[in-house]
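Please have the sequence and the 3D structure at hand while reading.

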Amino acid sequence: MPDMDTETTRTEPAVDEEASLFSTMDLLLFSVIVGFVVYWFMSRKKPEPIPEFKKLDTPLSKDAQRYGMKGMVADPEEYSMGELSRLSEIKNSLAIFCMATYGEGDPTDNAQDFYDWLQENDDEDLSGLNYTVFGLGNKTYEHYNAMGKYVDKRLGELGATRIYDLGMGDDDGNLEEDFVSWREQFWPAVCEHFGVEASGDESSIRQYELKEHTDINMNKVYTGEIGRLKSFEVQKPPFDSKNPFLAPVTVNRKLNKAGERHLMHLELDITGSKIRYESGDHVAVFPTNDSALVNKLGQILGVDLDVVISLNNLDEESNKKHPFPCPTTYRTALTHYLDITHPPRTNVLYELAQYASDPKDQENMRKMASSSPEGKALYQSWVLDASRNILAILEDMPSLRPPVDHLCELLPRLQARYYSIASSSKVHPNSIHICAVVVEYKTKTGRTNKGVATNWLKNKLVTDNGHKSTVPMYIRKSQFRLPFKSTNPVIMVGPGTGIAPFMGFIQERGWLKQQGKEVGETVLFFGCRHKNEDYIYQEELEGAEKNGVLTQLNVAFSRDQDHKVYVQHLLTKNKEHVWKLIHTDNAHIYICGDARNMAKDVQTAFYEIAEEVGGMTRTQAVDYVKKLMTKGRYSQDVWS
């Protein structure tokens with residue numbers, strides 16, 4: 001799998017509250033965070049303790065201040081959704097649900113309990129709850145914005161009042177632009193419903209204040225830990241996103257024989273960690289930024305990166321005390337905690353504009369952050385199309401020199417990257433295998449951009465100056481599972497690094513055969529560019545075919561002949577056998593790889609097989625495949 005982001009949270013300055021429009025109990029409360037279902041409740045008349053909530057970390061928080069409102073955020077994992085109805089106890093309250101969709105229309109991990117609660121509680125009365133929903137999805141996926149659509153519909157069914165229409169962001173296009181457009185229509189609807197007006201104050205006010213530590217015990221300073229201080233020195237299970245395990249790298253080898261790309265196979269040792277995984281799960285790794293980029297940022301901003309600092313929240317009531325673990329150094333923050341490689345969002349450009357000494361630069365930065373067609377086009381061409389990260393922007397805009405502490409406040413957190421596990425725990429209980437391609441490309445400005453995680457993994461040598469290289473990791477469970485009955489045939493389609501989960505599937509089917517179990521047909525459709533360059537895992541695959549674990553190995557070498565040959569072409573070439581496996585033998589189909597093109601083309605190939613061999617119309621074929629999906633017999637692990 002290539003570098004992938006699942007969630008991106010942004011940090012934005014908060015504005016001091018003004019008493020103007022509402023009393024303490026007449027707050028318009030709204031809350032939002034990507035992938036989180038958000039709610040808030042409080043009443044001084046109640047004896048129950050009032051939960052502490054994080055200050056809102058999105059552009060909406062700044063908007064709210066202009067309307068005399070206060071925004072709070074809660075992670076549904078940490079609170080009981082059964083309390084959601086209590087929002088109606090507060091006059092003029094509003095909840096904004098921003099829902100990311102994961103996998104095949106599934107909720108993100110932290111929203112799973114809330115999703116279950118919505119499904120199971122038909123008798124819940126949410127009348128009095130005002131809400132709106134913004135969904136985050138990707139149109140290249142089959143179940144586009146499924147969670148946003150479901151939550152919007154379900155809340156209405158339970159009696160809640162929709163204040164504004166469902167918004168849907170498309171990450172395959174420009175998700176931020178979708179959000180900005182929705183937000184512009186959202187606020188007038190809120191104002192009309194609650195009878196409020198904007199104060200007009202758009203000044204930039206910081207959310208965090210800087211404290212430099214000149215005399216501090218370095219044992220109290222974070223050096224890259226995600227959660228608990230010194231958690232990388234003293235490891236304690238259970239291991240998860242807040243407490244990753246440092247897995248030693250035992251194998252790191254190049255898979256392709258030739259060609260310009262670098263495809264690699266890594267093995268991580270999880271001995272003694274009590275970590276369990278199943279074939280089809282994902283491994284999450286926490287990468288670090290390239291030290292050369294970090295050093296350049298320090299140089300261009302003229303700062304000592306090794307100064308120990310804390311960024312402390314100005315709102316003492318907030319339970320989010322810092323934007324990242326503090327105290328720490330600027331070097332650690334820029335290396336471990338902050339995303340410095342993705343193009344900055346428009347809200348970051350808006351906040352940084354004040355530090356440009358050239359009025360023209362200020363104007364352009366504010367224009368790019370606006371919703372005007374000219375501004376959107378400028379942001380698209382100058383930032384997104386040119387793949388300018390924050391360093392490139394600073395290099396190409398010499399008048400822009402923001403304080404490093406404000407930059408650190410504004411940059412989003414560096415996220416974990418997810419890879420389909422390329423091994424079976426039945427065969428490798430103490431080892432997790434990763435298959436990935438190193439991301440590196442030239443930008444329109446002539447710079448070389450490198451994928452954060454894949455280049456970091458590439459450099460994870462088994463021994464580095466006598467020390468074992470380690471990778472902070474945890475497991476994310478998946479629905480991408482082999483059939484419960486081993487006698488069911490499986491059809492696996494995975495070109496390139498999309499073969500990763502199928503290496504685990506093949507290992508597991510082989511293990512089942514060794515245990516004397518009856519195993520159904522195991523058919524693989526794999527694709528690569530050239531047989532003599534990037535036919536990865538060739539020995540393993542041909543060995544599995546030879547010993548009968550793989551009953552059929554089909555490989556498409558797309559560029560070894562005049563015309564391109566892809567996996568979908570091999571599917572239609574084997575249409576009679578494929579149709580028999582699906583329609584007669586109850587085969588399960590698995591697709592892994594590119595969502596934008598390959599997954600769609602493969603799905604079309606299955607439609608055509610249903611038409612040509614099954615005698616169906618296109619409408620019937622589409623319905624047939626959808627039913628396979630509903631029954632869990634057509635699964636996808638795809639990315640774009």
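Lys575 is partly exposed, with a relative accessible area of 24%, where partly exposed lies between buried, under 20% relative accessible area, and exposed, over 50%, using a 1.4 Å probe and protein chains only. The model is a predicted one, in which local features need pLDDT of at least 70 and side-chain atom pairs count only at pLDDT 80 or more, while totals for chains, interfaces and linings use all residues. Residues are numbered from 1 along each chain as its sequence is written, and side-chain values use heavy atoms, with hydrogens and water left out.

- Lys575 forms a salt bridge (a side-chain nitrogen of Lys or Arg within 4 Å of a carboxyl oxygen of Asp or Glu) with Glu612, and their closest N and O atoms are 2.9 Å apart.
- This pair links distant parts of the chain, since Lys575 lies in helix α17 (residues 575-584) and Glu612 in helix α18 (residues 598-612), 37 residues apart; helices are DSSP runs of H or I with at least four residues, numbered from the N terminus.

- Lys153 and Glu157 form a salt bridge whose closest N and O atoms are 2.8 Å apart.
- Both belong to helix α3 (residues 146-157), and because they are four residues apart there, about one helical turn separates them.
- Lys153 is exposed at 52% relative accessible area, whereas Glu157 is partly exposed at 45%.
- A network of salt bridges links Asp122, Lys153, Arg154 and Glu157.

- Glu89 forms a salt bridge with Arg86, with 3.5 Å between the closest N and O atoms.
- Arg86 counts as buried at 13% relative accessibility, while Glu89 is partly exposed at 37%.

**Total**
- The count comes to 25 salt bridges.

Methods
Helices (H or I, at least four residues) and strands (E, at least two) are DSSP runs, numbered from the N terminus.
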